[in-house]
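Dear colleague,

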Amino acid sequence: MRYGMVIDLKKCIGCTGCALVCKTENATPPGILWLRVVKQESGKYPQVRRVSVPLQCMHCAEPPCLEVCPTGATFQHPNGIVDIDAEQCVGCRYCMMACPYDQRFFLSAERTYFPGHTTPFEQAGYQRHQAGVVSKCNFCTPRLNRGLEPACVANCMSRARTFGDLDEPNSEVSKLIRDRGGYQLYPELGTNPSIYYLPP
Amino acid sequence: MARTEPFQIRIADLRERYRPQREWAEGRGLLLILAHFLTGSGAGAWLFAVPLGSDPGLVIGFFLAALGAVGHLLFLGRPERFWRMATRMGSSWISRGLVGLSLFLVTAFIYLVLLFVAEHKTTLGAILLALSVLGALWTIIYKGFVWASSKGIPLWNTPLVPALYIAYALRGGAAVLILLAGLGTQLGAVEPLEPIKLWLAVSTAVLVLIYLEVMRGSGMTALRSVNLLLFGKVALPFYVGAVLFGLIVPIGIGSFAYFDHVPSGLLALVGLLSLLGDLSIIYCIARAGLYRPLPA
Ligand code: SF4
Ligand code: SF4
């Protein structure tokens, strides 16, 4: 079993709803963006194309972030998800230098959205985030444990995201990758990301 | 005008095609750069002080490395958990470095205690000295590998970086002893160092040139980083610190010393500028680090 995700760039309309729902689901503090949507332009006038590309931790099968972590705070679940145990993290940020996808965030100090004021949502949500450690997307592991899909998948209004088992040849994700030519970002680095993109 | 918060800068970076790494170069990241410089120069000074029999060199080498270790600790987001960093020797260069640096600091400290308050010419003293030299070598070697194993930053992700860091740590060690000599401490003891220092300065200059040339041809991100070093926001510390202070002055005065006597004041200046140059190159390479563009 290896969890993975397929993002269909033809269907993605760049609404950034996934980035917003990720923030809500995980109550990430200001400046911590486990998911972001990048707009990419290509071509020359009048043949110009604008594509929205959602980016998050790729849950690499060979994660360089895990290899360099000196404490074992970064670990891999048997289902392939790369996770961080905040209690073990020393905040050395070596993993941030090792991640070729720049998908790790360091929370240097506790921060709130409204200076000097913490909303009830923040009071509840920020208990999940420690200052002085690194964090990133965990494919919504708590939701998966409850039998739910990651929040970004469940809430994508254009159904651009598909989640499933990459090791299962007949899973929806495997079929999409096979049939539509799914590709990984920077495959030459040998990280073998678990997020595939379908061409726009 | 309101000061821009570091995290706002970081968010602005996300709009950049080539995002700069900031965690290891700005704010508390400067402590890490200082720590790498101090531990490298301290361990280097220890390595030269042992064969030269320079007791002040041993003391300063130890204190510089100890200060560097404090810098490493203060840089961490959770310093109270530092001991956890020794648990992944199998794959992490930071783990390996922590073990090497600890070996150096502990054995060097006990050796210095024996040297100054008890008898050091014993079997125990010899074992401690040998272990401290091993720890110092380990400390010098691991640093470059920490940077070189950072797959996210193409400018660092090359085997040339460890070679550069080893050369700079040795240079730094020699510079510490030359500075001490220039300040009037055991002037005669460091005479053999002068040709070594010149050789190190010349070979590092060649290594820097090779490094920049190789990185220019290692993809767009590395090329951008080199451009930042040579023509961008890192150019000033690079040319003034790393090139002028770190290479031109030591090579110029070192060559002059072959033909004529160099006054001690000038010797001290060479040592000091050389150290500033060493610090500058570590800073410049860290500051010029860029992530690959995303999406690819
Ligand atoms: S994308 Fe980065 S943080 Fe995520 S598993 Fe890969 S290397 Fe680690
Ligand atoms: S910051 Fe934390 S998770 Fe990252 S390498 Fe250091 S200890 Fe590991």
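With which residue does D278(B) form a salt bridge, and how far apart are the closest N and O atoms? The partner is R171(B), and the closest N and O atoms are 2.7 Å apart; a salt bridge here is a side-chain nitrogen of Lys or Arg within 4 Å of a carboxyl oxygen of Asp or Glu. Because D278(B) lies in helix α10 (residues 264-287) of chain B and R171(B) in helix α6 (residues 160-182) of chain B, the pair ties together parts that are 107 residues apart in sequence. Helices (H or I, at least four residues) and strands (E, at least two) are DSSP runs, numbered from the N terminus. Both D278(B) and R171(B) are buried (under 20% relative accessible area, with exposed over 50% and partly exposed in between; 1.4 Å probe, protein chains only).

The model is predicted, local features need pLDDT of at least 70, side-chain atom pairs count only at pLDDT 80 or more, and totals for chains, interfaces and linings use all residues. Residues are numbered from 1 along each chain as its sequence is written, chains are lettered from A and ligands numbered from 1 in the order in which they are written, and side-chain values use heavy atoms, with hydrogens and water left out.

Over all chains, the whole structure holds twelve salt bridges, and three are counted between chain B and chain A. One salt bridge joins E23(B) to R93(A) at 3.1 Å, N to O. E23(B) lies in the loop between α1 and α2 (29-52) of chain B and R93(A) in the loop between β5 (82-84) and α3 (94-98) of chain A, so this pair joins two chains. E23(B) and R93(A) are both buried.

A further salt bridge links R19(B) and D102(A), with the closest N and O atoms 2.7 Å apart. This pair crosses from the loop between α1 and α2 of chain B to the loop between α3 and β6 (105-107) of chain A. R19(B) is buried, with a relative accessible area of 2%, and D102(A) also counts as buried, at 2%.

As for the contact as a whole (heavy atoms within 4.5 Å), 39 residues come from chain B and 45 residues from chain A.

Yours sincerely
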